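Work through the following exercises with the structure open beside you, and try each task before you read its solution.

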Amino acid sequence: MATNLVNVESVGKVYGTRALLDGVSLGVNEGDRIGVVGRNGDGKTTLIRILAKLEPVDDGRVTHAGDLRLGVLTQHDSLDPAATVRHEVIGDLADHEWAGNAKIRDVLTGLFGGLDLPGFPQGLDTVIGPLSGGERRRIALAQLLISEQDLIVLDEPTNHLDVEGISWLAGHLRTRRSGLVVVTHDRWFLDQVCTRMWDVQRGAVHEYEGGYSDYVFARAERERIAASEEAKRQNLMRKELAWLRRGAPARTSKPRFRVEAANALIADVPPPRDSAELMKFANSRLGKTVFDLEDVTVTAGPKVLLTHLTWQLGPGDRIGLVGVNGAGKTSLLNALAEAARSEGEQQPAGGRIAVGKTVRLAYLSQEVVELDRNLRVLEAVEQVRQRVDLGKGREMTASQLCEKFGFTKEKQWTPVGDLSGGERRRLQILRLLMDEPNVLFLDEPTNDLDIETLTQLEDLLDGWPGSLVVISHDRYFIERTTDRVLALLGDATLRMLPRGVDEYLERRQRALAAAAPAAAPAKQKSGEQAARQRSAAEQRAAKKELQRIERRLDRISEQESGLHARIAEHATDFAKVAELDTQLRELTGERDELETRWLELADDA
């Protein structure tokens, strides 16, 4: 029987006149991995702070096991600004001691990209004081993960981590034996890590078995039973449920309640997006040209980020943009936005960007636009427009759109200065949509947004007819809102990834594996060895062959997907299945050979 680590009994917590928690009773057992979800302001952070005894309760009690080793990551770290990263993370361990510890090596590599902390000016000896909030947060997370705990409590651990860092953290937490309670809006992360969910709503906490997908299914079923037939048909979550049930199998885990009920619930729900109709409408709004890039070079100061880029963003394209930090994702959007603002007059460092004459661009940057703090929420939205056309005959008033984004009638009269960071982010997105753009750039739109607001934003974007480019570390949001994924891998090129974020992570792993064995001997090269390096012509030839191999690998991925689909189609025709399986094995063999050759060439190019 699992040991009880924390017990919460009839806990109540009141702020002002509002009861955040009312008679809540919960337990955390050894090995539990619990995800906490709910709207911003409903008490998620308060719940986990009470759980960790960082905040007192008004009613009830919280008990910990007598010898409980507890690790907590809060939204504000307690690092010593005068200390170095080495002191806070590794302590007094000598280099040979910590370097010989597999866990420490894994944590440093996973969170910082290498044992020498390549992103920090003095590596492990960097002083913490001048570092950014995101860098300090990674240090605090590393400090926690290197220690041994019975229970880890994490508040938004994926903030400031890129796609690779989030993937590594999910894998790391799955292998730990300690219990886990985590608050996060990253739904892919919740599905990968959690086996139970707590949904904080109006003072109560509802418990569900399974990860995020199971939670969506179970909550929809609970609401289906509780609501009348018409109210059920208006339930916003049914659209997301339909996408989850019809999406790729890898996106969902097996539900732990009646699958038949879930299928019945979505039987009459159309796909989230009618791509053909949206494309037709987008063409009518945008014409044939949106952004055409020819031989473009993008720079950031003296650094060249992209060279010889020829690419087209067409009407109705929905693009997810991923890549290593500093590869130029935001710089690329900035270059496009500058060209659009100047109607093609402002051009990049090299090449040319042609902008369609009908383009109306809205750009959600990572910085929150400062508004008059005395304006009410509704006034800030109505400043832009009183009504908005969402396409397909859908029209909303400013007040209706505010309600869809979680600003109730009462909240619409709140001064902007009294809003939280997440609420200001929501207001920023609202104002962009009210301006009726036909091209939308979203740079990290999920920052500070809770899951319910993300779901509402996705629902709006499903029917939005225009061209969309999303930069995000939230895999779920990218997969939910876009149709294609492009990547910047740090080699000054833009690549299409037919298999999306999974393919991006695979490519990054191959690149890191190829670079690792070459790094050690490179440090020991003498002047004579450097003189014997390959000629520039040989390096260019190697780079061309690398590109040829990558194109062939992309085609093999598409062919493999097609073969898998045909095998499923002819499942009862054993002769046909055997023939298709032979073709699949040949492709797999070719892939293995190409990947081996790719690794051989990577250092030469």
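**Exercise 1: Aromatic pairs**

Task: How many aromatic pairs does the rule give, and how is the pair of Y212 and Y215 classified?

Solution. In this predicted model, the rule that ring centres must lie within 6.5 Å gives a count of six aromatic pairs. For Y212 and Y215 the centres are 5.7 Å apart and the planes stand at 50° to each other. Planes under 30 degrees apart would count as stacked and those over 60 as edge-to-face, so the remaining angles count as tilted, and the pair of Y212 and Y215 is accordingly tilted.

**Exercise 2: A pair between two strands**

Task: What kind of pair do the rings of Y363 and F441 form, and which strands hold these residues?

Solution. The ring centres of Y363 and F441 are 5.9 Å apart and their planes meet at 80°, so this pair is edge-to-face. Y363 is part of strand β14 (residues 361-364), while F441 is part of strand β17 (residues 439-443), so the pair ties together parts that are 78 residues apart in sequence.

**Exercise 3: A cluster and a charge**

Task: Which residues are linked into a cluster by ring pairs, and where does the charged end of R426 sit?

Solution. The cluster consists of Y208, Y212, Y215 and Y476, linked by ring pairs. A contact of another kind involves R426, whose charged end sits over the ring of F407 at 5.1 Å from the ring centre.

**Exercise 4: Positive phi**

Task: Where do S10 and L117 lie, and is each one buried or partly exposed?

Solution. Start with S10, which is not a glycine and yet has a positive phi of about 45°. S10 is located in strand β1, residues 4-15, and its relative accessible area of 45% makes S10 partly exposed. Continue with L117, which also is not a glycine and has a positive phi of about 45°. L117 is found in the loop between α4 (102-112) and α5 (133-146), and because its relative accessibility is 0%, L117 counts as buried.

Conventions:
Residues numbered from 1 in each chain as written. Predicted model: local features only at pLDDT ≥ 70, side-chain atom pairs only at ≥ 80, totals over all residues. Heavy atoms only, no water. Helix = DSSP H or I, 4+ residues; strand = E, 2+ residues; numbered from the N terminus. Lys NZ or Arg CZ within 6 Å of the ring centre and 35° of its normal. Buried < 20%, exposed > 50% of the residue type's maximum accessible area, 1.4 Å probe, protein only.
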